[in-house]
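Subject: Structure for your review

Dear colleague,

Please find below the structure that I am handing over to you.

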Amino acid sequence: GNSPYKQHAAVITGGAGKIPLGLPRKPLRIVVTGGAGFVGSHLVDRLIERGDSVIVVDNFFTGRKENVQHHFGNPRFELIRHDVVEPLLLEVDQIYHLACPASPVHYKFNPIKTIKTNVVGTLNMLGLAKRIGARFLLTSTSEVYGDPLEHPQKETYWGNVNPIGVRSCYDEGKRTAETLAMDYHRGADVQVRIARIFNTYGPRMCIDDGRVVSNFVAQTLRKEPMTVYGDGKQTRSFQFVSDLVEGLMRLMEGEHVGPFNLGNPGEFTILELAQVVKDVIDPTATIEYKENTSDDPHKRKPDISKAKELLGWEPKISLEKGLPLMVEDFRKRIFGDHKDV
Ligand code: NAD
Ligand code: UDP
Ligand code: UDP
């Protein structure tokens with residue numbers, strides 16, 4: 001059509017462990033909302049590396065230009081400062097919709113903005129997908145399961161969520177976003193994909209975003225005690241970011257709507273996580289107990305059999321292997337040498 005992009009035939013390679021794309025095809029035009037954030041920027045790296053054109057749409061609430069600045073000057077990369085709560089006109093083939101603060105500290109900072117982002121922002125991006133016939137992927141969350149009464153969590157579980165609590169702007173917001181995606185799919189024929197992401201960590205996480213892995217790593221590097229909330233017996237499953245990005249791309253390219261759990265089934269108590277951080281970074285690290293926040297889920301572990309079977313995906317990087325991969329990045333950003341963050 002009248003694409004503003006030159007369509008070159010590009011050979012897309014599918015190296016070991018990467019998404020097998022097979023035949024040469026035209027480069028795609030892809031929007032990544034929230035692409036200047038932690039997960040989004042790693043996704044952008046892979047899409048650019050694959051030969052596609054990427055437009056990042058971000059309001060820089062929690063994202064940073066530094067996360068994508070290595071693409072500045074690349075004609076296949078574009079960065080737009082835009083808030084998804086406002087309508088947006090673009091012409092693309094695929095929309096990865098990630099825009100939304102993910103850390104509890106950030107999403108509780110302005111809860112009304114968070115729910116608007118999840119509801120109005122997702123509505124706008126679905127309206128965009130409908131108008132241009134683009135495929136739309138929603139990054140939902142394991143928080144849709146709330147404080148789960150089923151363990152591990154399967155996609156068929158409907159969850160145990162408080163609709164009026166301090167986390168509701170996020171978990172109920174994401175549940176509404178899933179509903180919107182399914183209604184646009186059924187009612188307007190939009191091709192949608194839904195990922196339910198479990199706790200993910202890696203380089204480029206905000207250092208002070210309050211999430212447990214970033215807190216423990218930053219605290220240990222700064223020689224401060226690791227803050228364990230409550231008794232530390234609550235569990236989480238921690239996924240390294242490259243595993244997640246691989247899962248998101250397979251989901252987008254595949255034929256299945258989902259929802260799909262994308263997470264690492266390795267389950268750790270918060271105290272066990274503290275021990276791994278100690279082993280990896282500093283054996284003299286200490287722990288300080290703090291009061292827990294309200295509505296904190298007691299346990300969380302994905303059942304990933306659906307993604308294994310239908311997407312041929314499973315995580316490859318254990319916590320013991322993944323943690324060292326983020327330590328160097330955190331060290332540089334905490335102690336200076338900002339050149340190549
Ligand atoms: P992040 O905070 O690093 O990234 C979110 C990005 O969205 C940031 O760049 C932020 O500036 C941008 N953003 C926020 N509100 C916006 C708005 N209204 N308009 C435009 N841009 C906006 O978080 P992340 O960890 O990279 O998470 C990405 C997505 O994955 C989120 O949708 C999150 O809910 C989901 N998710 C993440 C995790 C995880 O553990 N990291 C777990 C479950 C779900
Ligand atoms: N929208 C957008 N970009 C587009 C098309 C729609 O941001 O290219 C927004 C639009 O402003 C609306 C939302 O998406 O608020 C839903 O659009 P839809 O066409 O489904 O609904 P309608 O506009 O009919 O309410
Ligand atoms: N947590 C903790 N110390 C911290 C930050 C978090 O003990 O410094 C706990 C928190 O209470 C929760 C778990 O770690 O039980 C995961 O919290 P996070 O905010 O990383 O993600 P969540 O899964 O709650 O969204």
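A residue is taken to be near a molecule if its C-beta atom, placed from the backbone, lies within 6 Å of it. With that cut-off, 15 residues surround ligand 3, and the closest are Arg211, Val212, Asn215, Thr227 and Tyr229. Please note that this is a predicted model.

The shell around ligand 3 draws at least two residues each from α5 (212–221) and β8 (226–229). Strand β8 gives the most, with three residues.

Around ligand 2 lie Pro87, Leu88, Leu89, Leu123, Asn124, Gly127, Leu128, Lys130 and Arg131. Five residues of this shell are nonpolar, two are polar and two are charged.

In soluble globular proteins, nonpolar side chains tend to be buried together. Leu137 touches Ile95, Tyr96, His97, Arg193, Ala195, Leu248, Leu251 and Met252, leaving aside residues up to four places away in sequence.

Finally, an unreviewed UniProt entry places the feature "domain: NAD(P)-binding" at residues 32–324. The end C-alpha atoms of that span lie 28 Å apart, and the span is 38% helix and 17% strand.

With kind regards

Notes:
Residues numbered from 1 in each chain as written. Chains lettered and ligands numbered in written order. Predicted model: local features only at pLDDT ≥ 70, side-chain atom pairs only at ≥ 80, totals over all residues. Helix = DSSP H or I, 4+ residues; strand = E, 2+ residues; numbered from the N terminus. Nonpolar A, V, L, I, M, F, W, Y, C, P; charged D, E, K, R; others polar. Contact = placed C-beta atoms within 7 Å. UniProt positions renumbered as here; feature names shortened; annotations may be inferred.
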